[in-house]
Amino acid sequence: MEGTVIDDIDLDLIAALQTAPRASFDVLARVLDSSARTVARRYARLVDGGAMRVICEIEWSLLAEGLPATVWIGTEPGRAPEVAHALAARADTPFVSLASGAADVFCMLHGATRADTTRALTTELPAVPGIRTLRTEWILRRLTSTASWRLPRLTSGQISALTGQNAGRPAAHPRDTPLSGLERDTVAVLRNDARMPFSTLARTLGITESRARRTVAALLESGLLRPRVEVDPRDIGYAVEAVLSIGCRPGAVKRLTASLADHPATRFLALTAAASVFTYGGVFRDEEHLADFLTGGFEGSEEVTSLECSLQLEVLKRYWTARP
């Protein structure tokens, strides 16, 4: 993000949108003690300047078959940027970053089918020039998503006022029946603009506004769509982003899941088919904040048996979209 300065008023708006991504400007204005015109102007400035997007996070079962894998990549000296850009150009990578620590490049890979993912990991990625080592950890279950992370700026009263404003929720289980044609079209349209007005959505899809409302409401209620604010953590005061591999005893998994999922630094948490048990993504104000976390800064930390940390030096791709 260049050229757009984010101030405290903007941060309050981002926090409100994280709680209620589809809330109207009138509702946001009342909660933030502002005017709808001011809120709309601030929102447009952030979006037009590339500082923020409000997108729809889509349930994994709708995007591809099976679950994704995290890949920790060691590169030949000096070739990490080249490798990262090559991976970011792939259609099957939701996330790619230059890293320091356990890997030179970190990415998530999610092919359209299980066979596609397997082929990418066993054949295609090893053939990428500059890659020296690969360590793959298959994700078994997503325990929390980035859509759940919040800036700690709103009061309990403000949060209560925004509750129920079509924020969406994680799906309890994968959907057994395929999406209808209308649902697929709705998902495709809202994926990059979760705040699209129902009237615009109806015109785009060639349906009535009432039908557009019903379709979106059903997708949000099912958890298949989760509107979320997409913003670079560095732009809003979190200078350090890290991905951790965390190991623990089997009997401690449930306790650590609850503790880590509720921690204010947590943006992503998944159960993995690896010795590390958890893949954890978090954001921190600075290195001291991260150091506090790593040295017992969460409940149940005494249960941890192993821990690897990779600092995210530069994120090239986030939620399937290459960053400028």
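Helices here are DSSP runs of H or I with at least four residues, strands are runs of E with at least two, and both are numbered from the N terminus. The model you are looking at is predicted, so local features need pLDDT of at least 70 and side-chain atom pairs count only at pLDDT 80 or more, while totals for chains, interfaces and linings use all residues. Residues are numbered from 1 along each chain as its sequence is written, and side-chain values use heavy atoms, with hydrogens and water left out.

Let us start with helix 9, which spans residues 198-205. Its buried residues (under 20% relative accessible area, with exposed meaning over 50% and partly exposed in between, for a 1.4 Å probe and protein chains only) are Phe 198, Leu 201, Ala 202 and Leu 205. Because these residues cover an arc of only 100° around the axis, they sit on the same side of helix 9; the arc is that of the directions from the helix axis to the C-beta atoms. The background is simple: an α-helix has 3.6 residues a turn, so residues three or four places apart point the same way. Helix 8 (181-190) and helix 10 (209-222) are among the elements that cover this buried set. Just past the end of helix 9, Gly 206 has a positive phi of about 70°.

Now follow the chain into helix 10. The axes of helix 9 and helix 10 come within 8 Å and cross at roughly 105°. Axes are lines fitted to C-alpha atoms, for helices over the stretch in contact, and angles run from 0 to 180 degrees between N-to-C directions. The two helices are therefore roughly perpendicular to each other (65 to 115 degrees; under 35 counts as roughly parallel, over 145 as roughly antiparallel and the rest as oblique). On the helix 9 side, the contact (heavy atoms within 4.5 Å) is made by Phe 198, Ser 199, Leu 201 and Ala 202, and these meet Glu 209, Ala 212, Arg 213 and Val 216 of helix 10.

Another crossing pair can be found earlier in the chain. Helix 1 (residues 8-19) and helix 3 (residues 36-48) have axes that come within 10 Å and cross at roughly 90°, which makes helix 1 roughly perpendicular to helix 3. Ile 9, Asp 10, Leu 13, Ile 14 and Leu 17 of helix 1 make this contact with Val 39, Arg 42, Tyr 43, Arg 45 and Leu 46 of helix 3. In the loop between helix 2 (25-32) and helix 3 you will find Asp 33. Asp 33 has a positive phi of about 55° although it is not a glycine, and it counts as exposed because its relative accessibility is 73%.

Two strands pair if DSSP finds at least two bridges between them. Strand 11 (residues 321-322) pairs with strand 10 in the antiparallel sense over two bridges, and Arg 318 stands opposite Thr 321. In this hairpin two residues lie between the strands, and Tyr 319 takes a positive phi near 45°. Tyr 319 is not a glycine, and it counts as buried because its relative accessibility is 12%.
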